[in-house]
Amino acid sequence: MCDKKISDTGVETIHLVRPEHLNDAGRLFGGVLMQWMDEIAALAAMQYYEGNVVTGTVDSLVFIKGASKGDMVYLTARITYTGRKSIEVKVDVHVRHLNGRMELINQAYFVMVALPKEDGVPVTLPRLIPETEEEKKEWENGSLRAILRKERRADQF
């Protein structure tokens with residue numbers, strides 16, 4: 001299993017907000033956005049692990065602003081931290097309005113759990129190498145978030 005760089009784990013997608021994506025208020029339905037975020041988090045994790053993953057938890061899902069019909073929603077995902085079987089993925093969501101203006105509308109950390117390969121071989125994640133100062137800081141923060149998640153599980157939260 002080869003080491004991987006965080007910079008090699010990025011995934012980007014773009015969605016056009018269409019009428020079927022809107023809630024009764026005419027804004028992008030939060031559940032649709034969450035689905036798109038979950039999908040890109042899984043894609044980033046699968047690209048890194050090269051196997052199947054499932055969503056374990058979502059931390060700090062923050063709806064900052066909304067999106068409207070005709071807006072383009074840009075999602076970016078990258079691995080920020082890994083555990084023994086878990087892969088933390090940060091997902092950022094920006095909207096490009098019809099006037100061309102871009103703004104951040106959502107962020108979250110998804111924890112994807114690596115499943116054993118089809119042959120039953122236990123999960124072995126490649127070593128992930130943070131290179132930049134930002135990646136190293138995100139890695140340290142990811143380690144702290146992992147500790148908090150364990151504490152919440154112990155408290156049955």
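This is a predicted model: local features need pLDDT of at least 70, side-chain atom pairs count only at pLDDT 80 or more; totals for chains, interfaces and linings use all residues.
Visitor: I would like to begin with the strands; which strands pair with β6, and in what sense do they run?

Guide: Strand β3, residues 53-63, is joined to strand β6, residues 102-114, by 8 bridges, and the two run antiparallel. Strand β5, residues 86-96, also pairs with β6 in the antiparallel sense, over 11 bridges. To follow this residue by residue, you can look at Val-54, whose bridge partner in β6 is Val-113, and then at Ile-87, whose bridge partner in β6 is Met-112.

Visitor: What should I look for in the hairpin of β5 and β6?

Guide: This hairpin has 5 residues between the strands, and Gly-100 takes a positive phi near 90 degrees there.

Visitor: How should I read the nonpolar core, and which residues have the most contacts inside it?

Guide: As a general idea, nonpolar side chains in soluble globular proteins tend to be buried together. In this model the largest nonpolar core has 34 residues, and those with the most contacts inside it are Val-73, Ile-87, Val-89 and Val-91. Helix α1 (30-49), strand β4 (72-82), β5 and β6 each supply at least two residues of this core, and α1 gives the most, with 11 residues. If you leave aside neighbours within four places in sequence, Val-73 is in contact with several residues, among them Leu-33, Trp-36, Val-93 and Val-95.

Visitor: How far is Asp-59 from Glu-133, in sequence and in space?

Guide: Asp-59 and Glu-133 are 74 residues apart in sequence, and their C-alpha atoms are 23 Å apart in space.

Visitor: Which side chain of opposite charge is nearest to Glu-135, and how far away is it?

Guide: The nearest one belongs to Arg-78, 6.4 Å away, and Glu-135 is buried yet has no salt bridge; the cut-off for a salt bridge is within 4 Å. Glu-135 is found in helix α2, residues 133-154, and, not counting residues up to four places away in sequence, Glu-135 touches Ile-6, Ser-7, Ile-129 and Pro-130.

Conventions: Residues are numbered from 1 along each chain as its sequence is written. Side-chain values use heavy atoms; hydrogens and water are left out. Helices (H or I, at least four residues) and strands (E, at least two) are DSSP runs, numbered from the N terminus. Buried means under 20% relative accessible area, exposed over 50%, partly exposed in between (1.4 Å probe, protein chains only). Lys and Arg count as positive and Asp and Glu as negative; His and the chain ends are not counted. Contact means heavy atoms within 4.5 Å. Two strands pair if DSSP finds at least two bridges between them. A nonpolar core is a set of buried Ala, Val, Leu, Ile, Met, Phe, Trp, Tyr and Cys residues joined through side-chain atoms within 4.5 Å.
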